[in-house]
Amino acid sequence: MNQTKIFAHRGFSSNYPENTMVAFQAAEQSQADGIEFDVQLSLDDVPVVIHDATLDRTTNGTGFVQSYPVHKIKKLDAGSWFHEKFEGESVPTLEEVLVWAKGNQLILNIELKGQLSDRDKAITVIYPMIKEHDLEDRVILSSFDHTVVAQCEQFAPMLETAVIVLSALYQPESYLRTVQTLGYHFYYPTLLDKEVESLIKKGIRLRPYTVNDEKQIKRFIELGCDGIITDDPQKAVALRNQL
Ligand code: G3P
Ligand code: CA
């Protein structure tokens, strides 16, 4: 059985401002296997790395991400809201993250966010960038929008994909077959141990989010999940090393 991979949720977001380069760099230093981050399109269709539909919570800007061209988004401070010592951190573009990732071995779990129309467009914008940087074998494209996940399988079948769900899937195997994916990113309290074990046996790549509690981290490692998505990759890596 392969070792459970540790994915840093929005980077090392328990200690650094989420979805910033400093959070991704810290995740790499923590020995995480991968990072999870959120991508949506700016007004001028540039993929930018930010979680919310609006700028307000994690930057000093205000309004919808999609209402601003990338050059305006890049001027914002995405670090100070977390702590003044991170002042000057910017909202990364996907391009910046991909260029940086070329220098390491991290798996990139890219979550497609945003309005449905943009997510449809997102694949056609994002996939050529991944290809150009030769990162196809290190990317997992995931989304709560499963139509987009299915579309990924059509448009870029060589990319690994995953559905993200808040409630457990009803008849997961048949559903995942319909979407044409083996990746199932689930909200960690929604599956019982026996359900996890049964799905793993069937080859489903289970990655619970967002697992920060020590007991739960150990539980999913011991069950043999493909990965765990956590805000504290340092803790998860240390726990995995103890098992
Ligand atoms: O990828 C799983 C997780 O990140 C989904 O929730 O809201 O943190 O993007 P959220
Ligand atoms: Ca996410």
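**Close-up views of a predicted model**

Figure 1. Nine helices and nine strands make up the secondary structure of the protein chain. Its radius of gyration is 17 Å, close to the 18 Å from the globule rule for 243 residues, so the chain is as compact as a globular protein of that length. Along the principal axes, the C-alpha atoms fill a box of roughly 50 × 40 × 30 Å. Among contacts with a separation of 6 or more, 54% join residues 24 or more positions apart.

**Figure 2. The surroundings of ligand 1.** Here you can find His9, Glu36, Asp38, His51 and Glu111 around the ligand, along with Ser142, Ile164, His185, Tyr209 and Ile229. By residue type, this shell divides into three nonpolar, four polar and three charged members.

**Figure 3. The largest nonpolar core, with 68 residues.** Look for Ala27, Ile35, Val39, Val49, Tyr184 and Ile228, the residues with the most contacts inside this core. Helix 1 (residues 21–29) supplies the largest share of the core, six residues. In soluble globular proteins, nonpolar side chains tend to be buried together.

**Figure 4. Isoleucine 228 and the residues it touches.** Leaving out residues up to four places away in sequence, Ile228 touches Thr4, Ile6 and Phe7 as well as Arg207, Pro208 and Val211.

**Figure 5. Helix 8 (residues 214–223) and its buried residues.** Which residues of helix 8 are buried? They are Ile217, Phe220 and Ile221. Seen down the helix axis, the buried residues of helix 8 fall within an arc of 105°, so they line one face. An α-helix has 3.6 residues a turn, so residues three or four places apart point the same way. Strand 9 (227–230) and helix 9 (233–242) are included in what covers the buried residues of helix 8, while Lys215 and Glu222 are exposed on the other side of helix 8. Just after the helix, Gly224 takes a positive phi of about 90°.

**Figure 6. Aspartate 52 in the loop between strand 3 (47–49) and helix 2 (70–73).** Is this residue buried, exposed or partly exposed? Asp52 is partly exposed, because 16 other C-beta atoms lie within 10 Å. Beyond its neighbours within four places in sequence, Asp52 is in contact with Arg57 and Thr58. Asp52 and Val211 are 159 residues apart in sequence, and their C-alpha atoms are 20 Å apart in space.

Conventions: Residues numbered from 1 in each chain as written. Chains lettered and ligands numbered in written order. Predicted model: local features only at pLDDT ≥ 70, side-chain atom pairs only at ≥ 80, totals over all residues. Near = placed C-beta within 6 Å. Nonpolar A, V, L, I, M, F, W, Y, C, P; charged D, E, K, R; others polar. Core = buried A, V, L, I, M, F, W, Y, C linked by C-beta atoms within 7 Å. Buried ≥ 20, exposed ≤ 12 C-beta atoms within 10 Å, placed from the backbone. Helix = DSSP H or I, 4+ residues; strand = E, 2+ residues; numbered from the N terminus. Contact = placed C-beta atoms within 7 Å. Rg over C-alpha atoms; globule rule 2.2 N^0.38 Å. Arc of directions from axis to C-beta.
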